[in-house]
Amino acid sequence: MSLSTSRRRLALLTSASLALLAGCGSSSDSADAKSAPARVAVVASTNVYGDIARRIGGDRVDVTSVISDPDQDPHSYEANPQNQLALSKAKVVIENGGGYDDFVDHMLKGGHNDSAEVINAVDVSGRTAPESGELNEHVWYDFPTVAEVADRISAALAEADPGDAAAFEKNTAAFKAKLTPLEAREAQIKKARGGDGVAITEPVPLYMLEACGLVNRTPAEFSEAIEEGDDVSPRVLQESLALFSGKKVKALVYNEQTSGPQTEKAEAAAKAAGIPVVPVTETLPKGEDYLGWMTANLDALASALAR
């Protein structure tokens with residue numbers, strides 16, 4: 001989702017706070033660090049990219065995910081000194097881009113880290129805003145983009161740690177091989193249900209839905225207003241609710257990480273009409289990894305469409 005300036009609250013950190021944090025380690029900590037093999041410091045804006053980095057880097061990376069709480073609305077993220085310090089020391093930084101996590105660039109500047117290799121997933125994807133429309137920045141729901149991001153992570157880690165380049169390459173190949181069944185599942189859903197209409201609360205899962213051949217019938221004004229935290233007009237709300245009462249969609253794909261009175265009305269209307277609700281999130285649920293999470297999303301979608 002877009003992080004508009006009015007909704008992004010950045011905690012401005014001073015160099016003094018960084019110095020205080022840097023000085024917190026004990027002498028024994030320093031001794032342990034010298035004896036342990038150096039790991040590549042990686043910072044990811046969310047645990048989605050953090051999980052992918054861990055799969056590729058294995059035990060040769062030390063990954064910090066800035067947003068990792070599945071109950072946290074990414075829109076309301078506030079920077080903290082620990083994350084700022086991690087970014088100041090990172091060798092590799094993975095951000096989504098597209099306005100989703102601008103706080104990463106702000107904190108990099110605040111930490112005076114100009115040497116980190118920054119991977120911007122939206123830039124890697126090559127996705128741009130459609131004519132007279134807005135960019136859908138939720139590219140982690142687009143498997144071809146995720147595969148390309150994995151390649152970029154592997155290359156960045158190899159640059160930072162050339163001695164383990166072969167291991168990174170092997171891990172990347174294994175990860176990408178497990179993306180193939182996910183794309184095959186999308187193709188299977190498209191073959192069986194292509195052309196079916198669905199409703200969304202926000203554009204979070206749209207790349208997946210499009211790959212499955214599904215048609216988003218939600219009025220653009222509804223999902224755009226929800227994404228920006230604005231009120232939906234009564235007319236647009238009624239048009240959206242009529243999708244369910246009129247049985248014009250097969251499922252409601254609902255971002256359960258950000259909800260409010262209007263999205264709750266959509267959910268209630270779908271349930272009242274007997275239309276399945278498929279919950280999705282923006283970050284990894286507790287105990288899940290990226291591949292398992294996306295597998296579960298596709299399973300839930302296929303099950304809902306088959307009802």
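Q: Hi! Before we start, what do helices and strands stand for here?
A: Helices are DSSP runs of H or I with at least four residues, strands are runs of E with at least two, and both are numbered from the N terminus. Keep in mind that this is a predicted model.

Q: Thanks. How many cavities of 30 Å³ or more does the structure hold?
A: There are two of them. The largest cavity has about 40 Å³ of space.

Q: Which element gives the most to the lining of the largest cavity?
A: That is α11, with three residues. The elements giving two or more residues to this lining are β5 (197–200) and α11 (234–245).

Q: And which residues line the largest cavity?
A: You'll find Ala 199, Ile 200, Thr 218, Phe 222, Ser 240, Leu 243, Phe 244, Leu 252 and Ala 266 there. By class, seven are nonpolar, two are polar and none is charged.

Q: What about the second largest cavity, which elements supply at least two residues of its lining?
A: Those are α9, β8 (277–280) and α13 (290–305). Among the lining residues are Met 208, Val 280 and Asn 297. The lining has seven nonpolar residues, one polar and no charged ones.

Q: Switching to pockets: how much space lies in the second largest pocket?
A: About 410 Å³. It is lined by 19 residues, and the closest to the pocket's centre are Pro 130, Glu 134, Asn 136, Pro 203 and Leu 206.

Q: How does the lining of the second largest pocket divide by class?
A: Seven residues are nonpolar, six polar and six charged. Helix α10 gives the most to this lining, with four residues.

Technical notes
Residues are numbered from 1 along each chain as its sequence is written. This is a predicted model: local features need pLDDT of at least 70, side-chain atom pairs count only at pLDDT 80 or more; totals for chains, interfaces and linings use all residues. Side-chain values use heavy atoms; hydrogens and water are left out. On a 1 Å grid over the protein atoms alone, a cavity is a set of points where a 1.4 Å probe fits but cannot get out, and a pocket is an open set with protein on both sides within 12 Å along at least five of seven lines; lining residues have an atom within 4 Å of a point. Grid points are joined across faces, edges and corners, and a volume is the space filled by probe spheres set on the points. Ala, Val, Leu, Ile, Met, Phe, Trp, Tyr, Cys and Pro count as nonpolar, Asp, Glu, Lys and Arg as charged, and the others, Gly among them, as polar.
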